[in-house]
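Please look over the following model, first as a whole and then residue by residue. The notes after it go from single residues to the contact between the chains.

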Amino acid sequence: MNITPKKAIGKTLSYLILGFFAVITLFPFYWMTITALQDSNAAITWPPQLWPKSLHWENFSRLLDAAPFGRYFTNSVIVVIMDLSVSMVVMSLAAFGFAHYKFKGKETIFMLFLATMMIPSEALIITNFRTVAKLGWFDTYHVLFLPYVASVFYIYLLRQAFESVPKQLYLAAKIDGCTDFQYFLKILVPIARPMMITIAILKTIASWNSFMWPLLVTNTNRMRVISYGLVAFQSEAGNDFPLMMAASIFTVAPMVVLYLIARKKIIDGIARGGIKG
Amino acid sequence: MKQQEIRKALPYLLPAFIILLVFTFYPLANAFIQSFNRLPTPDKYDLSLKTYQWLLKDVTFINAIRNTLVYSFVTVPISIAISLMIAALLTSIQRLRVFFQTVYFLPYVTSAVAVAFTWGYLFNADYGLINLILGHLFGLAKIPWIKDPQYAMTAVMIFGIWRSLAFNVLILTTGMLSIDPQYYKAARVDGANNATTFFKITLPLLAPVVSYVFTIGLINAFRVFTEVYALIGSYARIYNANTMVFYIFDQLWVYKDYSLASAASVILLLIILVLTGFSRWLSRKTDYNAS
């Protein structure tokens with residue numbers, strides 16, 4: 001291997017450009033973090049300081065005194081858990097129904113399902129807003145996730161996962177006296193577990209970060225999820241940037257942790273959806 | 001036999017059917033009907049084309065469409081151009097590739113609202129870092145990015161590009177890494193340089209993936225809302241940062257005019273259907289394997 005100077009320069013340049021964009025990507029998160037620890041007055045002085053003169057950890061306790069972020073956080077956690085437990089059941093049952101049984105018009109119905117992926121959810125929100133108002137569902141936990149539990153794309157992925165299991169397994173299970181439901185629960189679900197975990201993680205991220213729907217269907221402080229709580233807090237806190245950033249960290253941190261733990265699953269899941277369309 | 005199977009399948013399908021019926025198919029049909037209602041709420045119906053006439057005469061809506069078009073056709077090409085460069089550099093290195101990939105994808109998983117607030121602080125006219133940097137580099141006076149009709153949309157676009165890089169870089173890098181290395185070996189034998197290889201081999205083979213991220217990018221850009229709401233605020237209209245979904249939201253939330261909101265959403269839906277059809281056509285046209 002002989003490395004020519006030209007090649008070495010090219011390599012260095014590549015790393016420099018990649019490093020530059022890495023800094024651009026990470027900088028807002030750095031800024032969020034150090035501002036959260038900044039003195040409230042220092043945050044509104046010119047010029048801004050790249051590193052705080054002293055670290056103010058008490059900003060976090062000040063934040064919890066100023067607004068019920070503990071409550072918002074808990075609400076978000078509850079909604080994610082409820083969302084996952086309902087949607088994983090609804091979606092995997094539907095996927096099994098499509099994967100396992102043969103009936104007239106099945107593929108037509110499935111295509112109709114898939115076609116709904118093209119509909120922007122904003123077009124549906126108007127009627128859904130009225131529907132949940134009529135049902136008296138405002139300010140409940142279930143209103144926050146129920147309209148979105150049957151995600152068609154994930155049903156499609158699960159159907160594929162179930163269909164890739166050889167039919168012999170079903171016949172063997174039948175001989176052992178399994179019902180169809182037992183076959184689904186005890187054989188198919190464990191086999192499709194990696195796919196189900198990926199879907200559950202992606203659904204968690206979407207659920208945690210959802211914003212417009214919670215904004216429309218919750219009014220009381222008590223029922224706010226964290227993204228809405230954050231926006232509501234902005235109008236109260238105004239220019240207290242350290243508190244705003246501390247609140248932002250509460251919102252961002254759980255997903256960053258999840259991302260660092262399940263990075264490969266998340267990236268593979270998105271890339272798969274991306275390539276398949 | 002077949003009759004029996006649908007009976008067996010139904011219990012499994014029913015929960016998803018009900019949810020989709022109530023929260024997808026019914027509201028879809030209803031949006032069309034409501035959009036033809038001359039009266040603002042579904043309490044009474046008087047079907048006519050009036051809503052669309054009003055909508056297309058509404059300066060706010062026309063402005064929202066214009067902003068959405070500018071946002072889409074500025075952010076998407078710029079984001080894809082940057083992403084292509086990053087993806088090409090990422091595939092050319094081995095060491096630290098996973099590290100860089102991890103970093104670039106981070107904005108995708110983090111709340112748009114929370115990150116928008118940080119950008120709002122960075123963009124702040126009086127205390128923001130961006131004005132400090134611009135002042136040092138170019139001697140520019142402080143720019144009121146967020147609270148000025150002249151700059152608000154630019155700020156949203158910069159934030160939008162930053163946020164959309166994550167997805168584009170991931171998909172383009174995955175696409176580039178799946179190109180058969182044989183092509184590159186052959187090119188090297190022929191003495192092609194890096195630029196020639198990129199434009200003559202990588203780009204043509206990647207065309208279906210590029211057209212895919214382009215379409216997804218446009219669809220998402222046409223739906224831009226959270227970025228505007230969190231960065232500019234609920235009065236984005238005043239700062240000329242109104243977008244189509246923002247208009248729908250305002251009609252629904254502030255004015256309670258379900259008919260205008262529905263008509264605007266039908267127009268958005270039609271645009272997205274056209275874009276999806278266009279992407280189908282484009283990916284068929286650019287797919288080397290298919291021809």
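Is Lys256(B) buried or exposed? Lys256(B) is exposed, because 10 other C-beta atoms lie within 10 Å (buried means 20 or more other C-beta atoms within 10 Å, exposed 12 or fewer, partly exposed in between, with C-beta atoms placed from the backbone). This is a predicted model, in which local features need pLDDT of at least 70, side-chain atom pairs count only at pLDDT 80 or more, and totals for chains, interfaces and linings use all residues. Residues are numbered from 1 along each chain as its sequence is written, and chains are lettered from A and ligands numbered from 1 in the order in which they are written.

Lys256(B) sits in the loop between helix 11 and helix 12 (258-286) of chain B (helices are DSSP runs of H or I with at least four residues, strands runs of E with at least two, numbered from the N terminus). Its phi is positive, about 55°, although Lys256(B) is not a glycine. Asn240(B) also has a positive phi, near 55°, and lies in the loop between helix 10 (226-231) and helix 11 (244-253) of chain B. Asn240(B) is partly exposed, since 17 other C-beta atoms lie within 10 Å.

In chain A, a cis peptide bond with omega about 0° joins Trp46(A) and Pro47(A). Pro47(A) belongs to the loop between helix 1 and helix 2 (58-66) of chain A. Most peptide bonds are trans.

Between the chains, 71 residues of chain A are in contact with 70 residues of chain B (C-beta atoms, placed from the backbone, within 7 Å). Helix 1 of chain A gives the most to this side, with 11 residues. The predictor gives the complex an ipTM of 0.91 and a pTM of 0.92.

How values were computed: Two residues are in contact if their C-beta atoms, placed from the backbone, lie within 7 Å.
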